[in-house]
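Let's take a walk through a protein model together. Have the sequence and the 3D view ready, and follow along.

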Amino acid sequence: RSWPLGRLLDRLAEIPGVLRLRYSTSHPLDVEDSLIESHRDNPALMPFVHLPVQSGSDRILSAMNRRHTAAEYLEVVERFRRARQDIAFSSDFIVGFPGESDGDFAATLALVTQIGYAAAYSFKYSPRPGTPAAEMQETVSQAEMDERLERLQHLIDSQQSAFNLAAIGTTVDVLFERPARKDGQIVGRTAYLQPAHVMASSDIIGKIFPVHVESLERYSLLGHLAAPSHPAQPAGPRMTTGA
């Protein structure tokens with residue numbers, strides 16, 4: 001009998017010592033009710049979803065064979081947000097897909113503006129042998145691709161910066177992973193995969209501690225260990241499932 005992803009995540013959360021769960025990527029069409037419910041009810045499931053869309057233009061989405069529209073993607077995002085208000089998103093985007101017009105690219109910028117991402121990955125189109133797109137005539141020049149990518153990345157960077165700035169002055173739980181480059185500094189990840197650096201002993205590695213965030217250094221949070229509300233705990237197995 002097959003299990004939907006949400007049910008699997010809930011079952012994994014029952015394993016002793018598992019304090020954090022993530023899954024790598026979910027296609028918008030694969031987001032079923034059990035996954036939404038798990039984000040609502042499962043405290044071990046981190047409130048950060050990588051939900052690729054590639055474009056905000058329905059015409060380009062159809063050419064990419066994505067099998068959903070921009071409106072349908074937005075509805076999936078809203079389903080997540082209705083279930084958990086503190087959820088955040090990352091995504092993937094491609095600029096310069098064959099046939100992409102100025103209007104198509106504007107639709108991508110509009111979608112990014114409407115959603116507000118915590119992070120995103122963006123790339124210029126390049127043909128992959130064996131795919132239908134590789135047979136399409138490229139209509140966007142490299143100069144246009146460069147200009148569009150720069151505009152898109154500027155918008156995404158501004159959203160990511162705003163998301164990170166909102167953490168200053170707050171206290172967040174961090175799973176510490178390894179020594180940082182700076183002597184005496186340990187780096188870990190927040191629930192939103194933000195790197196967080198503190199000056200501390202290496203014996204906190206593999207444990208979760210609250211961190212009071214004081215400042216930013218590019219994409220990293222800087223702060224100090226706050227008084228833990230509970231003893232530091234091992235993070236348990238690093239569970240990841242794909243979707």
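We'll start with a pocket and then turn to some salt bridges.

First, some ground rules: this is a predicted model, where local features need pLDDT of at least 70, side-chain atom pairs count only at pLDDT 80 or more, and totals for chains, interfaces and linings use all residues. Residues are numbered from 1 along each chain as its sequence is written, and side-chain values use heavy atoms, with hydrogens and water left out.

Take a look at the second largest pocket, which holds about 470 Å³ of space. A pocket here is an open set of points on a 1 Å grid over the protein atoms alone, where a 1.4 Å probe fits, with protein on both sides within 12 Å along at least five of seven lines; lining residues have an atom within 4 Å of a point. The volume is the space filled by probe spheres set on the points, which are joined across faces, edges and corners. Of the 22 lining residues, Phe 48, Ala 119, Tyr 121, Tyr 192 and Leu 193 are the closest to the pocket's centre. Two or more lining residues come from each of β1 (21–23), β2 (48–50) and α6 (142–165), and α6 gives the most, with four. Those labels are DSSP runs numbered from the N terminus: helices (H or I, at least four residues) and strands (E, at least two).

What about the charges? A salt bridge is a side-chain nitrogen of Lys or Arg within 4 Å of a carboxyl oxygen of Asp or Glu, and by this rule the count comes to 12. In one of them, Asp 104 meets Arg 59, 2.4 Å from N to O. Asp 104 sits in helix α5 (residues 102–115) and Arg 59 in helix α3 (residues 58–63), so this pair ties together parts that are 45 residues apart in sequence. Is Asp 104 buried or exposed? At 7% relative accessibility, Asp 104 counts as buried, while Arg 59 is partly exposed at 49%. (Buried means under 20% relative accessible area, exposed over 50%, partly exposed in between, with a 1.4 Å probe and protein chains only.)

Now back to α6, where Arg 151 and Glu 147 are four residues apart, so about one helical turn separates them. Their side chains form a salt bridge too, at 3.7 Å from N to O. Arg 151 is partly exposed at 41%, and so is Glu 147 at 37%. Finally, find Glu 100, Asp 102 and Arg 148: salt bridges that share partners join them into one network.
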